[in-house]
Amino acid sequence: MNNDIMTPERVAGEFVAAVNSHQVESLSALMTDGHVFVDSDGSRKVGRQAVCEAWAGYFTMVPDYRIFIEETLVRDDTVVILGRAQGSFAQDGAVDAESHWSVPVAWRVVVDGARVAAWQLYVNPEVMRQALARIGSP
């Protein structure tokens, strides 16, 4: 993070950049201590350490995961990102091309100062389930 003014939109953008580079340490630095991650099914991870562990596991499972921003909306400390996420599931440490997926996603990002207090995603996971089924995973 550089010393420029960290608007909520900029903080959210830095968070996306850290996700795209799979830099868990950078993600950690951008999270509040009580950071909350809310998945599309409503499940939650709370706290910087728990969320960082979840991201590290996800990057192992989907080693080419990336977010593509198409539009950003800002109101006060809340940023809504509209875009796509894509990736491929790994089997035995190797990416399987048959498992590649790309889905539209909306993210709700609540910013507190220069850190992300909440990261919530809205996605239909069916495409990802189908990708797992193609490679024989449950």
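Trp-101 is buried in this predicted model, with a relative accessible area of 2%, where buried denotes under 20% relative accessible area, exposed over 50% and partly exposed the range in between (1.4 Å probe, protein chains only). Phe-89 is likewise buried, at 4%. Phe-89 and Trp-101 form a tilted pair, 6.2 Å centre to centre with 40 degrees between the planes. Because Phe-89 lies in the loop between strands S4 (78-87) and S5 (90-91) and Trp-101 in strand S7, this pair ties together parts that are twelve residues apart in sequence. Helices (H or I, at least four residues) and strands (E, at least two) are DSSP runs numbered from the N terminus.

The model is predicted, with local features requiring pLDDT of at least 70 and side-chain atom pairs pLDDT 80 or more, whereas totals for chains, interfaces and linings use all residues. Residues are numbered from 1 along each chain as its sequence is written, and side-chain values use heavy atoms, leaving out hydrogens and water.

Strand S1 (residues 31-38) is largely enclosed by the rest of the structure, because six of its eight residues are buried. S1 pairs with strand S8 (residues 115-122) in the parallel sense over four bridges, and with strand S2 (residues 44-46) in the antiparallel sense over three bridges; pairing requires at least two DSSP bridges between two strands. Val-116 in S8 is the bridge partner of Met-31, while Lys-45 in S2 stands opposite Phe-37. The hairpin of S1 and S2 has five residues between the strands, and Gly-42 takes a positive phi near 90 degrees there.

Val-51, in helix H3 (residues 48-61), is buried, with a relative accessible area of 1%. Beyond residues up to four places away in sequence, Val-51 touches Met-31, His-35, Phe-37, Lys-45 and Val-46, contact being defined by heavy atoms within 4.5 Å. The C-alpha atoms of Val-51 and Val-38 are 10.0 Å apart, at a sequence separation of 13 residues.

Notes
Rings of Phe, Tyr and Trp (its six-membered ring) pair if their centres lie within 6.5 Å; planes under 30 degrees apart count as stacked, over 60 as edge-to-face and the rest as tilted.
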